[in-house]
There are 2 protein chains.
Amino acid sequence: MNSKQSLTPLDNISMTDRVENNLRAYFLENAFKPGDSLPGEIEIAEKLNVSRNVVREALSRLRMLGIIESRTRRGMIMARPDILGGLERVLNPFILGNDTLNDVFEMRLILEMGMAEFLFSRKTDKDIEELEAIVKKQSSIPEPTIEEEIEFHTKLYDMTGNETFTRFQILLLPVFNHVFNIYKKENKLPSAPDHIHHDGIVKALKSGTVEDFRLAMKKHLAPYFQMTEQNSN
Amino acid sequence: MNSKQSLTPLDNISMTDRVENNLRAYFLENAFKPGDSLPGEIEIAEKLNVSRNVVREALSRLRMLGIIESRTRRGMIMARPDILGGLERVLNPFILGNDTLNDVFEMRLILEMGMAEFLFSRKTDKDIEELEAIVKKQSSIPEPTIEEEIEFHTKLYDMTGNETFTRFQILLLPVFNHVFNIYKKENKLPSAPDHIHHDGIVKALKSGTVEDFRLAMKKHLAPYFQMTEQNSN
């Protein structure tokens with residue numbers, strides 16, 4: 001097995017880290033595919049000349065990420081990981097650094113400005129009707145609640161037909177709201193004179209061009225963009 | 001400790017999964033911050049009434065993600081995880097499903113269309129000079145190599161000043177290229193009659209508007225957008 005250890009300072013990584021890195025490099029270099037049989041714990045321990053406890057810990061990590069699975073009667077096999085499983089586990093706003101939290105806040109804005117092409121190439125009449133129903137339900141109050149914001153924007157992501165993208169955004173939303181609430185508490189929310197609400201976005205999506213939609217979205221997100229500018233200064 | 005186990009079918013998850021989920025929920029609910037002392041392996045095993053081996057495996061998973069660290073003389077402490085560490089570990093194109101690979105391919109296009117606002121609010125003269133130097137170096141050949149593509153686009157991401165965003169893209173690039181090469185092998189690459197090269201993008205970024213830049217980028221990425229349309233049919 002080749003290792004990729006040279007990328008990490010050796011004195012900072014534990015034996016378990018080394019075994020884990022070794023195994024991932026081994027799987028990749030041998031092009032193992034989901035369902036392929038893998039050597040067992042004992043064999044790995046012998047080949048790498050490490051204790052079974054270390055191998056068991058490393059395998060447990062790979063099992064958590066969905067890279068491997070243990071099957072009754074079949075032993076250990078390669079599996080199909082959830083691409084976002086690891087990200088999901090670290091999205092705790094108390095432990096991420098402020099820089100990372102601000103990065104995530106900005107990433108939402110980037111994603112919403114960038115999704116226009118796929119929205120227009122994939123939207124259906126049924127999607128638009130559903131969006132209109134969501135907006136109608138929300139129209140009685142001047143500012144939507146966080147839950148209503150999430151419902152509307154999640155439907156937009158959903159319309160791109162890109163499941164990973166939609167899930168990625170759903171994972172990032174609580175972090176986005178966490179950062180937003182910090183600004184709010186510090187009375188740093190900017191005003192947005194020509195604010196566009198959800199109904200304006202739907203209108204652009206229904207009968208406008210990609211550029212009309214992007215302009216509407218940009219105005220809708222303007223207060224958030226202003227917040228990121230305060231932050232850069 | 002409360003658990004979030006109700007979100008996962010109980011019969012499918014192992015005792016290690018349950019301990020890991022329990023610990024993450026416990027950290028979040030108690031708002032532990034990086035540097036805070038945590039209970040040790042023995043104490044956790046006693047409180048959860050599980051074996052030390054199971055706790056050791058669960059802790060090893062959390063250590064891998066950077067959620068906890070073991071410090072000499074201080075015992076176990078809460079740490080600051082790398083938000084993309086888990087994602088990095090599963091980005092093996094042989095084990096991700098085709099749907100996920102195509103999702104990642106599309107996400108790159110979304111990110112590049114969505115980054116314009118931050119590029120314009122943060123670009124510096126020095127950035128533009130560096131981009132021009134990169135393009136000049138590449139101009140001798142009609143089509144840039146994958147390495148040159150990466151150099152140019154990574155510099156763009158870099159200019160947004162958003163480190164997480166830049167790293168996210170660098171992680172996704174090999175998957176993007178993997179999908180691209182599959183199309184290429186199947187002779188499914190579309191032609192792009194009004195293709196815009198890197199020099200056109202830099203020109204828009206240097207002396208144009210956000211909209212000019214986005215139009216240039218859209219034309220530059222047009223062959224990739226066409227590929228995603230073949231794929232949807």
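This is a predicted model: local features need pLDDT of at least 70, side-chain atom pairs count only at pLDDT 80 or more; totals for chains, interfaces and linings use all residues.
**Entry: elements of chain A**

I went through the secondary structure next. Chain A has 12 helices and 2 strands. Reading from the N terminus, I get α-α-α-β-β-α-α-α-α-α-α-α-α-α. The radius of gyration is 23 Å, well over the 17 Å that the globule rule gives for 233 residues, so chain A is more spread out than a compact globule. I also checked the box around the C-alpha atoms, which is roughly 70 × 40 × 25 Å along the principal axes. As for burial, 34% of the 233 residues of chain A count as buried.

**Entry: domains**

Where do the domain bounds of chain A fall? Domain 1 covers 5–78 and domain 2 covers 85–232. I then looked up the distance between the centres of these two domains of chain A, taken over C-alpha atoms, and found 39 Å.

**Entry: the hairpin**

I turned to the strands of chain A. β1 (residues 68–71) and β2 (residues 75–78) pair in the antiparallel sense, with 4 bridges. Within the pair, A:Ser70 sits opposite A:Met76 of β2(A). The hairpin has 3 residues between β1(A) and β2(A), and A:Arg73 takes a positive phi there, near 70°.

**Entry: chain B against chain A**

**Entry: the interface**

I counted the contact residues too: 51 of chain B are in contact with 51 of chain A. On the chain B side, the elements giving two or more residues include α1 (15–29), α3 (52–64), α9 (163–185) and α12 (222–232) of chain B. Also on that list are α4 (85–90), α5 (98–114) and α6 (116–122) of chain B.

Which element gives the most to the side of chain B that touches chain A? It is α5(B), with 10 residues. Last, I sorted the residues of that side of chain B by type and got 25 nonpolar, 11 polar and 15 charged.

Notes:
Residues are numbered from 1 along each chain as its sequence is written. Chains are lettered from A and ligands numbered from 1 in the order in which they are written. The radius of gyration is taken over C-alpha atoms; the globule rule is 2.2 Å times the number of residues to the power 0.38. A residue is buried if 20 or more other C-beta atoms lie within 10 Å of its own, exposed if 12 or fewer, and partly exposed in between; C-beta atoms are placed from the backbone. Two strands pair if DSSP finds at least two bridges between them. Domain bounds come from an automatic or database domain assignment. Two residues are in contact if their C-beta atoms, placed from the backbone, lie within 7 Å. Ala, Val, Leu, Ile, Met, Phe, Trp, Tyr, Cys and Pro count as nonpolar, Asp, Glu, Lys and Arg as charged, and the others, Gly among them, as polar.
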